Amino acid sequence: MKNSLLKTNVNALLEHPLVSIGIPTFNRSEGLLRALASVALQKYPNLEILVSDNCSTDETQVIMSRVSKEHPEIRYYRQPGNIGMIGNFEFVLRN
């Protein structure tokens with residue numbers, strides 16, 4: 001039985017490998033909500049969404065704290081300080 005379950009999981013991963021969507025953001029809470037809504041329309045069954053907040057001063061942290069609790073496929077990272085645009089893109093890429 002255990003072997004059968006493992007085989008099923010491996011086959012599912014081969015058929016639908018994990019696709020990661022990275023969204024680096026800084027002070028664009030409204031645009032971020034539109035981007036997340038667009039991603040939510042995707043029908044692909046194995047998605048993860050990584051949002052890296054570059055220490056925004058707008059409502060991004062409040063919005064993402066709520067949204068990431070409601071949607072486990074979203075991983076929210078808030079940078080402790082502004083790491084720059086390129087640093088934020090690189091962070092998303094590494095994760």
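This is a predicted model: local features need pLDDT of at least 70, side-chain atom pairs count only at pLDDT 80 or more; totals for chains, interfaces and linings use all residues.
Three strands make up an open sheet, ordered S1-S2-S3, and their pairing is parallel. Strand S1 (19-25) and S3 sit at the edges, each pairing on one side only. From one strand to the next, the twist averages 15°. Strands S1 and S2 run parallel and are joined by seven bridges. To pick out a landmark here, Gly22 has Leu50 in S2 as its bridge partner.

Now for the helices. Helix H4 (residues 85-94) lies across S1, S2 and S3, and runs at about 160° to S1. Helix H3 has a buried side made up of Thr60, Ile63, Met64, Val67 and Ser68. Looking down the axis of H3, these buried residues fall within an arc of 120°, so they line one face of the helix. As for the cover over the buried residues of H3, it includes S1, H2, S2 and S3.

Several of those H3 residues turn up again in the core. The largest nonpolar core has twelve residues in all: Ile23, Leu32, Leu36, Val39, Leu47, Ile49, Val51, Ile63, Met64, Val67, Ile74 and Tyr76. Helix H2 (29-40), S2, helix H3 (60-70) and S3 are the elements that give two or more residues to this core. In general terms, nonpolar side chains in soluble globular proteins tend to be buried together.

Charged pairs come next. Side chains of opposite charge can pair when their charged atoms come close. The count for this model comes to two salt bridges. In one of them, Glu48 pairs with Arg75, with the closest N and O atoms 2.9 Å apart. That pair links distant parts of the chain, given that Glu48 is in strand S2 (residues 47-53) and Arg75 in strand S3 (residues 74-78), 27 residues apart. Glu48 has 14% relative accessibility, which is under the 20% cut-off, so Glu48 counts as buried. Arg75, at 32% relative accessibility, counts as partly exposed.

Asp53 and Arg78 form a salt bridge too, and their closest N and O atoms are 2.8 Å apart. Asp53 lies in strand S2 and Arg78 in strand S3, so this pair ties together parts that are 25 residues apart in sequence. Asp53 is buried, with a relative accessible area of 0%, whereas Arg78 is partly exposed at 30%.

Asp53 also shows up in the surroundings of Gln79. Gln79 is found in the loop between S3 and H4, and is buried, with a relative accessible area of 9%. Setting aside neighbours within four places in sequence, Gln79 is in contact with Ser52, Asp53, Asn54, Cys55, Asn88 and Phe91.

Key
Residues are numbered from 1 along each chain as its sequence is written. Side-chain values use heavy atoms; hydrogens and water are left out. A salt bridge is a side-chain nitrogen of Lys or Arg within 4 Å of a carboxyl oxygen of Asp or Glu. Helices (H or I, at least four residues) and strands (E, at least two) are DSSP runs, numbered from the N terminus. Buried means under 20% relative accessible area, exposed over 50%, partly exposed in between (1.4 Å probe, protein chains only). Two strands pair if DSSP finds at least two bridges between them. Axes are lines fitted to C-alpha atoms, for helices over the stretch in contact, and angles run from 0 to 180 degrees between N-to-C directions. Contact means heavy atoms within 4.5 Å. A nonpolar core is a set of buried Ala, Val, Leu, Ile, Met, Phe, Trp, Tyr and Cys residues joined through side-chain atoms within 4.5 Å. The arc is that of the directions from the helix axis to the C-beta atoms.
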